[in-house]
Every structure is written in C-alpha cells, then in structure tokens.
Amino acid sequence: MILIIILSQISIYTVKHDFDILFEKRTKPIIKLEAIKDAYVVNIHDTLYDVYHKNITLEQSYDVLNLGKQLIEKNWNKYLEITFSKKYETSLVTKIIKKFFIIGNPDKNKILQNSIISNINDKNKNIEVIVNEIILELSNKNYDAASSLIEHVNIEINTISIYITNLTNYDLKMAISERKDTQTVFNTLAMILNISIVWVFLFSIILSIVIIIHFKKLHFGLEEAVNEKTKELQALNDSLEKRIQNEVADSRKKDFIMFQQSRLASLGEMIANIAHQWRQPLGSLMMIVQGIQTKMELGKLTPEIVEEKVNDAILLADNMSNTLEDFKSFFKPNRDEEEFSLKDCIKNSFELSKYVLDKEKIELHLKILHDVKIHGFYNELSHVFLNIISNSKDALISKEHKRLIEITVKKSRNNIRINIVDNGGGINAKVLPHIFEPYYTTKYKSAGTGIGLYMSKQIIEKHMLGTIDCKNVYYKIANQNFENCTLFTITIPANKGDKNND
C-alpha cells in the first residue's frame with residue numbers, strides 16, 4: 001500500500017513537472033521568436049522605409065531603431081537562456097525511468113539547432129552594421145546608396161525570419177517528441193502502479209486467510225479460558241459487595257487507629273511538658289515544707305507563718321492542677337463543633353510545647369493582629385498546630401544558627417489563612433511531594449510514625465473544610481532574611497460551609 005501511494009505521488013509529480021517544462025522550454029521561446037520577427041519588420045524595416053520616404057525625420061528614427069534593437073536583443077537573450085538553461089531540464093525521476101525503460105531518443109538533433117542559432121547571430125550583426133550605414137547615407141542625403149542598402153537589409157531580414165521560422169518548427173517538433181516521451185513515462189508508471197495494486201491485493205488475500213485460520217485456532221483456545229474467567233468473575237461478583245463493606249469498615253478502623261496513634265505520638269512530648277510545668281511548683285512545695293520544719297525546730301513557727309505557707313502551697317497546687325487539666329483536655333474526645341478563639345487555640349498549642357522549645361532554644365513569634373472566632377473542633381486544630389511545631393522543632397535541632405518559628409494569621413473576606421514558617425533549611429525537593437502521605441517519614445522509627453502530617457491534612461480538609469499545603473520559600477522572620485524556609489499554609493473558610501473561595 002505504501003508502494004502504491006509513493007508511485008502514485010511520483011507519477012503525478014513527474015507528469016506535472018514535465019508538462020511544466022514542456023510549456024516553459026518549448027512554448028515560451030516560440031513567443032520570443034515571434035516577437036523578434038515583429039521587431040525586425042516594424043522597428044527596422046518599416047522605420048527605414050519611412051525615413052527614406054521622409055514620412056519621419058532622421059532624428060525620430062533613432063529612438064525607434066534603438067527600441068527595436070533593444071527588443072530584439074532582449075527577446076533573443078531570453079530565448080537562449082530558456083533553451084540552454086539546466087533549470088528547464090526534466091526531473092531526475094523521469095531521467096531514471098527513461099534510461100531504465102529506454103524511453104525516447106537521448107541524442108537530440110542539437111547540430112541543426114546550434115547551426116540555426118549561429119546563423120541568426122551572424123545576421124543580427126550584419127543587419128546592425130547595414131542599418132548604421134543607411135543612417136549615415138541618409139544623414140549625408142545620399143539617397144541612391146541608402147536605397148540600395150535598404151534593399152539589402154530587407155533581404156537580410158527575410159533571411160533571419162526564415163531562420164527564426166526554422167527554429168520555431170524545431171521547438172514544436174521537440175515539444176511533440178517530449179510530449180510523447182512524457183506520455184510513455186506516465187503509461188509506464190501506471191503499469192507499475194497497476195501491477196503493485198494486483199500484488200498488494202493478492203498478498204492481502206493470502207495474509208487474510210492466514211490470519212483468519214490463526215484467529216480460529218486462537219478463538220477455540222481462548223473460549224475455554226474465557227468460560228473459566230467468567231465463572232471466577234461471577235463468583236467474585238457474588239462476594240464483591242460484602243468485600244467492599246469489609247474494606248470500608250477496615251479503612252475506617254485504620255483511619256481511627258492512625259488518628260489515635262498520631263495523638264499518642266505527641267503524648268511523650270506532653271509528658272515532658274507536664275514534668276517541666278510541675279518541676280518548679282514541686283520544688284517550691286518542698287521549700288515550703290522544709291521552711292515549716294525548720295521554723296518548727298527553731299521554735300519560730302507561728303499560726304501566721306503556717307497560714308501564709310499553706311496559702312502558698314494551695315496556690316502552687318492549684319497551678320499544678322490547672323496544668324494537668326490543660327493537658328488532659330487536649331486528649332478529651334471533642335466531636336461537637338464549637339465557636340472558639342483561633343488566637344487562644346494557637347497560644348494553647350504553644351504553651352503545650354513551650355518546654356520543648358525552650359529546651360532547644362527555639363524562639364516562637366506570633367503575629368496575630370486581630371483575634372478571629374471560628375467554628376470547628378478546638379482540640380483537633382490544636383493537634384494540627386502541635387504536629388507542625390513538632391516537625392519544625394525536629395528540623396531546627398541540628399541547626400547552629402538562630403532557631404526561629406513564626407506563626408501569622410490573616411483574615412480575608414472569605415478565608416482565614418494561617419502561615420507557619422521556620423528557618424530549618426527547608427524540605428528536600430524529592431521528599432516534599434510525599435510529606436502528607438500516611439506512614440511516610442524520614443525520621444528513625446523511634447523518632448516518628450509518619451502519620452502526623454497525614455492526620456493534620458485529614459483534620460483540615462475533612463473536619464475544617466479547608467486546605468493545607470507546604471513549600472520551600474525565601475522568608476523574613478524577626479526582621480532577618482532566610483533562604484530555604486519551610487512554609488505551611490492552612491486555609492480555613494471564614495464562614496461555616498464555605499470552602500476555599502479566595
């Protein structure tokens with residue numbers, strides 16, 4: 001089929017090209033030759049006749065004769081250019097086909113053409129010389145000599161007209177011959193094309209028979225396999241609904257377990273914070289007890305001192321109790337939405353992680369110009385903040401420079417945007433696309449579970465109807481510029497039910 005297409009295109013291109021050559025090389029030169037004959041008759045012969053009979057002045061004849069000379073020279077040069085230029089040769093494909101199939105006569109009668117052209121060139125020079133002599137005789141008013149020369153010019157013009165007619169006949173014969181050659185080339189290509197079509201047709205029939213036989217064998221071989229697979233699919237279909245229900249239930253259990261694991265993963269840091277919060281009050285209580293004991297031994301213990309120390313101890317105990325309640329409320333299930341202060345939620349998250357941050361010498365800067373009230377789950381949102389702060393802390397521990405975390409809250413018409421950024425050096429570009437995937441972690445198994453950020457994303461998207469994303473940025477924290485900062489952006493709808501309209 002490809003062969004047929006190629007041959008058809010070649011035949012169309014070849015025939016068109018050769019017919020174009022036939023027109024350009026044989027038809028146009030004939031027009032130029034006729035124009036030369038007309039120029040000799042009108043511009044040379046008739047002008048000399050009019051000057052001799054004083055129909056025009058000698059001065060007027062100069063322009064007409066010069067114009068005739070230019071026309072003759074221009075048309076003759078154009079004829080020679082078309083006749084001998086390689087631009088007007090037949091296509092390479094045609095030459096190959098003519099040579100292979102021996103089409104046409106490769107040896108054209110060039111001798112006759114060259115002889116006629118040579119004679120015309122000689123006559124052109126003779127006529128130019130005689131015309132100049134006529135003009136000279138007429139300017140000297142030697143009309144007898146001029147008349148004789150005019151007769152001589154007429155004879156030369158008639159001779160050159162005969163030569164031009166011979167050239168015209170030659171070109172016409174060549175045009176007819178080349179047309180026959182082109183037709184032969186076209187017929188040859190058509191024959192090859194028809195043979196190719198028959199060959200492709202026969203080959204297609206044979207190939208179709210082979211394919212049909214093969215597919216019959218394949219059909220019978222696959223029929224049994226299809227029947228077996230159909231039975232398996234039928235059995236699978238029968239149990240599919242039950243399996244889907246089981247998978248959904250398992251998925252919910254996994255999500256619940258991951259959420260619990262995420263909350264318990266923070267328990268270690270919580271206990272460290274509780275221990276820190278209690279360490280100072282316990283020390284103070286011990287000092288109070290020792291002070292009472294010492295004063296009693298020295299006999300200086302009075303009811304006023306006992307009351308004062310008891311009040312101090314009660315104040316410290318209340319502080320310890322409040323601390324315990326604050327941490328306990330974080331783990332208390334909270335499935336009902338409530339209106340709460342976003343600023344208080346962030347500050348509470350900061351207080352819960354304050355000891356760990358102070359221990360690692362990490363500064364946390366809050367930029368909350370206006371407090372915002374939102375509807376949602378207080379403890380779950382606090383858990384998200386703790387997760388991000390914990391990840392920032394892990395990234396900052398290994399850094400020698402000043403360790404900074406900044407939290408910024410901005411409110412627009414439809415959304416509340418919370419930016420949490422640290423100067424911990426950013427996240428590896430290969431790791432960044434996977435940080436919200438479950439169980440994906442770059443920490444040691446003893447240091448991280450890989451579900452903190454996954455659960456944070458679930459809380460923000462499913463429970464708060466917002467979005468969370470992370471990227472590496474160039475950022476200014478505490479009036480200092482840092483490269484490769486990690487920026488978490490949390491976007492929450494300002495109005496309940498609105499989702500990300502910014």
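Let's start with helix α10, residues 378–396. By length, the helix checks out. It has 19 residues, and at 1.5 Å a residue these should span 27 Å. The end C-alpha atoms of α10 are 27 Å apart, so the two agree. Keep in mind that this is a predicted model.

Is α10 enclosed or open? Largely enclosed by the rest of the structure, because 16 of its 19 residues are buried.

What does α10 lie across? Five strands: β2, β4, β5, β6 and β7. Against β4, residues 403–411, the helix runs at about 150°.

Now those strands. They form an open sheet in the order β2-β4-β5-β7-β6. The pairing is mixed. In general, strands of a sheet pair through backbone hydrogen bonds, either parallel or antiparallel. Which strands sit at the edges here? β2, residues 362–367, and β6, residues 467–477. Each of them pairs on one side only. Neighbouring strands of the sheet are turned by 20° against each other on average, ignoring direction.

Stay with β6 for a moment. Its partner is β7, residues 480–493, and the two run antiparallel. How many bridges join them? Ten.

Asn479 is not a glycine, yet its phi is positive, about 65°. Buried or exposed? Asn479 counts as exposed, because its relative accessibility is 70% and the cut-off is over 50%.

Next, helix α11, residues 452–463. Same length check. Twelve residues at 1.5 Å each should span 16 Å, and the end C-alpha atoms are 16 Å apart, so that agrees. Which residues of α11 are buried? Gly452, Leu453, Tyr454, Met455, Ser456, Gln458, Ile459 and Ile460. Just after the helix comes Leu465, with a positive phi of about 55°.

Now go back towards the start of the chain. Helix α1 covers residues 2–52, and Lys54 lies in the loop between α1 and α2. Lys54 has a positive phi too, about 60°, although it is not a glycine. At 59% relative accessibility, Lys54 counts as exposed.

Who meets whom? On the α2 side, the residues include Leu58, Tyr62, Leu65, Ile72, Trp76 and Phe84. On the α4 side, they include Gln113, Ile117, Ile120, Val131, Ile135 and Leu138. How do the residues of this contact divide? Into 13 nonpolar, seven polar and two charged. Lys69 in α2 and Glu128 in α4 are also among the residues that meet there.

Finally, step back to the whole chain. It has eleven helices and seven strands. Of its 502 residues, 35% are buried. And the contacts? Take those with a separation of 6 or more: residues 24 or more positions apart account for 77% of them.

Notes:
Residues are numbered from 1 along each chain as its sequence is written. This is a predicted model: local features need pLDDT of at least 70, side-chain atom pairs count only at pLDDT 80 or more; totals for chains, interfaces and linings use all residues. Side-chain values use heavy atoms; hydrogens and water are left out. Two strands pair if DSSP finds at least two bridges between them. Helices (H or I, at least four residues) and strands (E, at least two) are DSSP runs, numbered from the N terminus. Axes are lines fitted to C-alpha atoms, for helices over the stretch in contact, and angles run from 0 to 180 degrees between N-to-C directions. Contact means heavy atoms within 4.5 Å. The expected span of a helix is 1.5 Å times one less than its number of residues. Buried means under 20% relative accessible area, exposed over 50%, partly exposed in between (1.4 Å probe, protein chains only). Ala, Val, Leu, Ile, Met, Phe, Trp, Tyr, Cys and Pro count as nonpolar, Asp, Glu, Lys and Arg as charged, and the others, Gly among them, as polar.
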